[in-house]
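Keep the structure open beside you as you read.

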Amino acid sequence: MDFNIVDIEEFSGEMAKIYSIILEDDEETLLDKFFEENRGYEKELRNIAAKLDTMGHYTGCRIHFFKDKEGAPGDGMAVLKSGRLRLYCLRFDNTCIFVGSGGYKPPGVAAYQDDFLLNSKAQQMRKIAASINKAIKEKDLIINDDGTIKTTDFLDLKI
């Protein structure tokens, strides 16, 4: 499945760029869907939105905002969390993140793999991360020092 990378201008700023993903044939980003699907957790959503805003405009994507090493070693996948709400991301230094989706981690669930919904969202982000990492390795996608991205005209990201 193809996808596009979209700058989330509401959160992107001088300190970091915040991107999300639009899957083929969708009109909403994965971040939009995350906020829509988790409306019942208003406090946690406000906290996650505040963290994204702070990263983009004030601090950059510092590691202390994330639980790192959520995916396979070296893939850059991390989780931004508030309470029991999880948002899966691909983090590059302090300059940018690619935000996927996530969900609520019920009490008693030790790892995302133990919950069908969280596991599906994490696996989706792992596939997106693999495509982005491959594009970076092949120099089809370049992340500049300021977090902006440049792609080749023939870049075809697939998950």
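Two strands pair if DSSP finds at least two bridges between them; the strands themselves (E, at least two residues) and the helices (H or I, at least four) are DSSP runs, numbered from the N terminus. Please bear in mind that this is a predicted model, in which local features need pLDDT of at least 70 and side-chain atom pairs count only at pLDDT 80 or more, while totals for chains, interfaces and linings use all residues. Residues are numbered from 1 along each chain as its sequence is written, and side-chain values use heavy atoms, with hydrogens and water left out.

Now to the sheet. It is open, with six strands in the order β1-β2-β6-β5-β4-β3, and its pairing is mixed. At the edges you will find β1 (3–7) and β3 (66–67), each with a single partner strand, so one side of each has no neighbour in the sheet.

β3 and β4 run antiparallel over two bridges, and F66 has L80 of β4 as its bridge partner. β4 and β5 are antiparallel too, over six bridges, with V79 opposite Y88 of β5. These two strands make a hairpin with two residues between them, and G83 in that turn has a positive phi of about 60°. β5 (residues 85–92) then pairs with β6 in the antiparallel sense over seven bridges; here R86 faces G103 and L90 has F98 as its bridge partner. On to a parallel pair: strand β2 (residues 17–23) and β6 share four bridges, and K17 stands opposite C96.

How well covered are β5 and β6? A residue is buried at under 20% relative accessible area, exposed at over 50% and partly exposed in between (1.4 Å probe, protein chains only). In strand β6 (residues 96–104), eight of the nine residues are buried, so the rest of the structure largely encloses it. In β5, eight of its eight residues are buried. L85, L87, C89 and R91 point one way from β5, and R86, Y88, L90 and F92 point the other.

L31, F34 and F35 of α1 make the contact with L45, I48, A49 and L52 of α2.

What lies inside? In soluble globular proteins, nonpolar side chains tend to be buried together. A nonpolar core is a set of buried Ala, Val, Leu, Ile, Met, Phe, Trp, Tyr and Cys residues joined through side-chain atoms within 4.5 Å. The largest one has 21 residues, and L52, M55, F66, L80 and L87 have the most contacts inside it. Two or more residues each come from α1 (30–37), α2 (42–59), β4 (77–82), β5 and β6, with α2 giving the most, five. Apart from this core lies another of 19 residues, among them I21, F98, A129 and I132.

Finally, look at two loops. Between β5 and β6 sits T95, which is buried, with a relative accessible area of 18%. D93 lies in the loop between β5 and β6; D93 is exposed, at 61%, and has a positive phi of about 45° although it is not a glycine. K139, in the loop between α3 and β7 (141–143), has a positive phi near 60° and is exposed, at 62%.

Technical notes:
Contact means heavy atoms within 4.5 Å.
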